[in-house]
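I opened my notebook to keep track of what I looked up in this structure. Here is what I jotted down, entry by entry.

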Amino acid sequence: MVSLAEDVAIVAFEQTPSHARFNDSEQAMIMPCVNSVIEQVGMDRHDIDFTIAGSCDYLSGMPFAFVMNIDAVGAWPPVYESHVEMDGAWALFEGFVRLQSGDIDTVLVSGSGKCSPGSYREAFSLQTDPYVHAPLGLDPRTQAGFQAQALIAAGKATERDFAEVVVRSHANAKNNPYAQLSGDLSVDELLAEPYVQQPLRRLDCPPTSDGAAAMVIARADKARELCDNPVWIRGIDHRIESHHPTLRDLTDSPSVRIAAERVGLHDGPVDVAELTVTYSPEEIVLRDSLSLNGDTDVNLSGGPLTGSPFMAVGLTRVIELARSIRNGRGRRGVAHASSGPALQQNLLCVLEGDS
Amino acid sequence: MPVWFGAPVGRTAGLLWGRRWACGELAAVPQLHDVDYTLEYPYTRTTGPVIGPFLTGLRDGRILGQRCGDRVLCPPMEFDPDTFATLDPDLVEVGPGGEVVNWTWVAEPSAKHPFDRPFGFAFIKLDGADTALVHAVDTGGDPEAMGTAMRVRAQFRPERHGSIADVCFVPEADAAEQAIEPGEEPVAITEHLIGLRISEPLYPHRARFAQGLLDGKIIGQRSPVTGKVYVPGRGYDNMSRVLMSEADEVEVSDVGTVVAFTELNPVQYYGQTETEPYVRCSILFDGTDQPVIGIDIRDMTVDEMRVGMRMRCVWRDPEDRSVADIDNRFGNIPETVYARFEPTGEPDVLADDLKDHSW
């Protein structure tokens, strides 16, 4: 496990509900989240040292849409600011790394995405190989279908296993006021549904969602000054596999295994896991690659199958885990974010409550 | 339901906004439309020493793999995927037959897929290759025909441009013999037209702004914190980080002051519809704190424009006004609601008095 130069904690967080359609701008979605976290820490906005956001112009449907999003974070007079064309979890990663320099104390992190105006299947097909994949419209749902089929062919999962992930996720989401979908489903009824992407059915796939999330992180002394119950980031790591799905073993996630080792996942108990299960088969791959056993509560929030605002969904996993820790559902846990198709890129973040 | 294809409107950065809107009856064109456009742009890429011959091969009816030690990679790569060592270009023909090693059935094809009817995507290990190519398999819409270990064969499209989409696959028994005439020049550049379809209602404040223009009014929003008036409103005051609503809306004057202008000399990028130079200016309407940018002036030359010049909006007749080009993203006043902007003849405002409002 990598030792950290600076201890860093989450001191405030906020998220929007996962909306089927938010009929206003992305900025109007982000702004209340930003205002909430600033209010929680009780700081003057301009005393926050660094600001970073994650979003995707292809989803927003406008070149330089991320610049417009700056409207929502309070950037006048100008602030020290950055952006990643990634989920907000990667903005958190950059903010965390920035704090390791030890010269600043606080970072405002946000992530936002509106999937409803466009087609995320078409938008995210553009992040595949531009010569041999993108011109075919090779979309993330297709690649999830490949992963599902590979799991079945390898004898590692069945369609019933996928349906059980869906049932658990929707049941857990009943306790999550931010969830878009929730309820009591039956495995047999799910299995009677038609395929949308054989071997996947509609609820094996995420809903179309709009949403935003924001967070303030701080170095140790500042964290204790800003809040009574900081949630500590004990490790964070990001690993990437080939963008050629045919060169990967889709039934395993070596990138998750490496990241888990780097963050020292099993150096302590893993009470809670919030995983970016965008397609139900991914939970099976992730549980296995993270070596989770029955002691870990997985996706108490319901996870992305019950609300998936891309570009906020990974940061939201971190928030849901922090909330679980604050609420005493566990003392230590792991949040997972993914990018690229079929878990091509994975980020792990280990959080621990104040002891 | 008739569908109209509006003339594409050129935007900055070479982006085409090919608009399309539907209307119920020609006699009653609905003015407050849903936003519906395709943001489209051709990406051109050099192909390099390995992908270039591969795409040239596809155009010419052949599939090539790249030797990597004792293996053959297809799709070919410029590097060894295990060691990342650079590979010297060494291409060898593979296929056209192959075996499906993984597959999934696309019940709902997207607009970007190779087929508009249900089809299979598959990992295809071509005969003579050691790695698999992702590609589409057309079984005539029958998912039952797909399966692991099925034999497939390449079929080349009648029109080929040096693209992975020049080819597709069918069950081997369905394959036809093809005589392909090779092209001439190697494929050094490949072009991929990307497009993102955006479809959404006008945001409520945008709809009210658009309706105002139809009524010959310019609607702004007054910040409840600072009192500053923004036109058009964006639903928030970014300076104070506060959301704004209909309660914050005010009608503002249609007389204002030029705070910036430029002459646009249209570069003929993809999607450009303008051909002649024209003036674009920003006008700070009286009583407001933020100029409206992107007001186009067709009947004055750049030499006649001055910062500080007073201008008034001359509206079109109500029945000639249209806001069909208004979307949720750009904040100008479209030419389809005004006949022209004309100088009022009042003395110019001193530029120094505009310095906090220039854009």
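**Entry 1: strands in chain B.** I started with B:F156, whose bridge partner in strand 12 of chain B is B:V167. Keep in mind that this is a predicted model. I then looked at the whole pairing: strand 11 of chain B and strand 12 (residues 167–171) of chain B are joined by five bridges and run antiparallel. Strand 11 of chain B (residues 151–156) is also joined to strand 8 (residues 97–106) of chain B, by three bridges, and that pair is antiparallel too. I checked one spot there and found B:G97 opposite B:R153 of strand 11.

**Entry 2: the sheet in chain A.** Next I traced an open sheet of 10 strands in chain A, and its order reads 3-2-4-7-1-8-12-11-9-10. The pairing is mixed. Which strands stand at the edges? I found strand 3 (81–84) and strand 10 (297–298) of chain A there; each has a single partner strand, so one side of each has no neighbour in the sheet.

I zoomed in on strand 1 (residues 8–15) of chain A, which runs antiparallel to strand 8 (residues 231–240) of chain A, with three bridges between them. A:V8 has A:I233 of strand 8 as its bridge partner. I also noted helix 1 (residues 26–41) of chain A, which lies across strand 1, strand 4 (106–114) and strand 7 (210–219) of chain A. Helix 1 runs at about 30° to strand 7 of chain A.

Entry 3: At what angle do helix 7 and helix 11 of chain A pack? I got about 90° for helix 7 (residues 159–173) and helix 11 (residues 281–289), with their axes 8 Å apart. Angles of 65 to 115 degrees count as roughly perpendicular, so these two helices get that label. Helix 7 brings A:D161, A:F162, A:V165, A:R168 and A:S169 to the contact, and helix 11 brings A:P281, A:E283, A:I284 and A:R287. I sorted the contact residues into four nonpolar, one polar and four charged.

**Entry 4: a pocket.** Last, I looked up the second largest pocket, which has a volume of about 790 Å³. Its lining has 41 residues, and A:C56, A:Y58, A:A123, A:F124 and A:Q127 lie nearest its centre. Which element gives the largest share? I found that strand 4 of chain B does, with four residues. By type, I wrote down 26 nonpolar, 10 polar and five charged residues for the lining.

Terms used: Residues numbered from 1 in each chain as written. Chains lettered and ligands numbered in written order. Predicted model: local features only at pLDDT ≥ 70, side-chain atom pairs only at ≥ 80, totals over all residues. Heavy atoms only, no water. Axes fitted to C-alpha atoms, helices over the stretch in contact; angles between N-to-C directions. Parallel < 35°, antiparallel > 145°, perpendicular 65-115°, else oblique. Contact = heavy atoms within 4.5 Å. Nonpolar A, V, L, I, M, F, W, Y, C, P; charged D, E, K, R; others polar. Pairing = 2+ DSSP bridges. 1 Å grid on protein atoms, 1.4 Å probe; cavity = no way out; pocket = protein on both sides within 12 Å on 5 of 7 lines; lining within 4 Å. Points joined across faces, edges and corners; volume = space filled by probe spheres on them.
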